[in-house]
There are 2 protein chains.
Amino acid sequence: MKLRELGEDRLIATLVRQLKSRRDVVIGPGDDCAVVENAGEDYFLLLKTDCVVEGVHFLPNESPFAVGRKAMTRVLSDFAAMSGLPRFALVTLIVRRDQTAAWTRRLYRGLQSVADRFDVVIVGGETSRTLAATVVSVSAIGVVEKNRAVSRDGGKANDFLYVTGKLGGSLRKKHLDFKPRIEESRWLASHFQIHAMMDLSDGLGADLPRLARASELDFEIDESALPRNRGCAIDAAINDGEDYELLFALPPNDGAALEKSWRKTFPRLSLTRIGRLVRLTKSKNRQSFHGYDHFA
Amino acid sequence: MKLRELGEDRLIATLVRQLKSRRDVVIGPGDDCAVVENAGEDYFLLLKTDCVVEGVHFLPNESPFAVGRKAMTRVLSDFAAMSGLPRFALVTLIVRRDQTAAWTRRLYRGLQSVADRFDVVIVGGETSRTLAATVVSVSAIGVVEKNRAVSRDGGKANDFLYVTGKLGGSLRKKHLDFKPRIEESRWLASHFQIHAMMDLSDGLGADLPRLARASELDFEIDESALPRNRGCAIDAAINDGEDYELLFALPPNDGAALEKSWRKTFPRLSLTRIGRLVRLTKSKNRQSFHGYDHFA
């Protein structure tokens, strides 16, 4: 079967099924970061890799600074999703021989600018030539306190669902200019009991079902309540992807306190209750929910 | 300036110059792995990323199992170079939509077979489509005891230079079938005072000058003494690349003891003294020394 027929989620499921685990692996493939034990310490190590591909995640004539910034930010956004702190990064750059040194320097300046902002050190990498599309792959390692790590699978029935910021419109350059919500997620996990969290990279339409599935639940959302970027219809807010906002589930009794403290702490970033997690029932037909699938 | 004129070593030098460091970075870019502190522990963390690219590191019709095996082994070979133990790996797979699911499953079986053999767990990864060449990027994290880590830069004048195994002939499928010398390097660093070590990925002709330069030394080798694979001329042993054998420097007084214990411990793998490190003099003209440059 071709990957375009199989789709990304099913491809990953089939690959993950082959893999072995070990006792020191706390969370393996399928969450935003992998979580592993760090002998005797009171924090876990978080591991994550991601990439941007020319023609898929950026156009050939895009500013290399913006491409570098995006490549680093995408990875750091996954640390936000686990309420972790990224520490070190490795960069793999795959590029044609006729590319200029100036281009690669500007790309690195973009990578570095985001790394600096979040106290991440680029400690190594690899370069290879290619005959075709440029690829920038970034891996990072970080830490999270054992009592603060948040995964996708802890959601409970009736939990309120929240998203930070606004959704949709990624193609209008927003996909090159976004922030990893690290400060926000660190604050959330230290002040509230966050049951489940992830970052929205493929769009709410793809990512919310993943969070619900990981928690063995279903969800109900009020589509008209979705926070939308200017000029975005509901469908765009659900399916454009590359929002890099946080989606999380919280006990309903904590909702009012959260909303109040959030406004005080992050007055410039909206927080919107979009619905709730519910028990699994017969599968519903959600035509508008699909999000971005790399292979579809 | 185009990368094909600049060359790989100068490209990396120019990129690394931009990067910032931090106190917990023990060895940053430029060695086989990055080495970082792990708060309060008596071992360092080792970080490494690497990739294989279709049309560069493997042909389109190559067995996906062999490609997966190569992608994982290349990374583990860098842990051998630091006498470290790899523990966890992340896999980024960039592939066309018309690739089959069976191909990717076989690729993963290749990755997994090497990971299993060296007790490495694949804990996560990323998939993306591309319009062009397939890329498999593997990042790994591991550990090394603080008193056992070996870098490239500790060579002393008069140190004997050794290589494991035989060199040259990588294109005759050998580049798809090699072992990371982890067991050997762990043994070396626990029994002898290894001053400097690396794995030979771009060929002795590219890699030995890197080790000498990192140690601020020059080298003398007896080209006729180089251990060569069957059918390989001296030039092939120096410049073919992808040998993935260990190159290391040892105090000359330890040479006899090393050679004797090695033969007992690893009777099936040759160990050859190929020359020595010497003080820097005026640069010599070594036409036969170039190795593999990704961009040249």
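User: Which side chain of chain A does B:Lys20 meet in a salt bridge?
Analyst: A:Asp116, at 3.1 Å, N to O. A salt bridge here is a side-chain nitrogen of Lys or Arg within 4 Å of a carboxyl oxygen of Asp or Glu. This is a predicted model: local features need pLDDT of at least 70, side-chain atom pairs count only at pLDDT 80 or more, and totals for chains, interfaces and linings use all residues. Residues are numbered from 1 along each chain as its sequence is written, chains are lettered from A in the order written, and side-chain values use heavy atoms, without hydrogens and water.

User: How many salt bridges across the interface of chain A and chain B?
Analyst: The rule finds 8.

User: And how many residues does each chain put into the contact?
Analyst: Chain A gives 78 and chain B gives 79, with contact meaning heavy atoms within 4.5 Å.

User: What area is buried there?
Analyst: About 6600 Å², with 59% from carbon and sulfur atoms. That is accessible area (1.4 Å probe) lost on putting the two parts together, summed over both. In chain A, A:Arg22, A:Arg97 and A:Arg129 lose the most to chain B, together 10% of what that side buries.

User: New topic. Is B:Ser77 buried or exposed?
Analyst: B:Ser77 counts as buried, at 1% relative accessibility. Buried means under 20% relative accessible area, exposed over 50%, partly exposed in between (1.4 Å probe, protein chains only).

User: What does B:Ser77 touch?
Analyst: B:Pro180, B:Asp199 and B:Tyr244, leaving out residues up to four places away in sequence.
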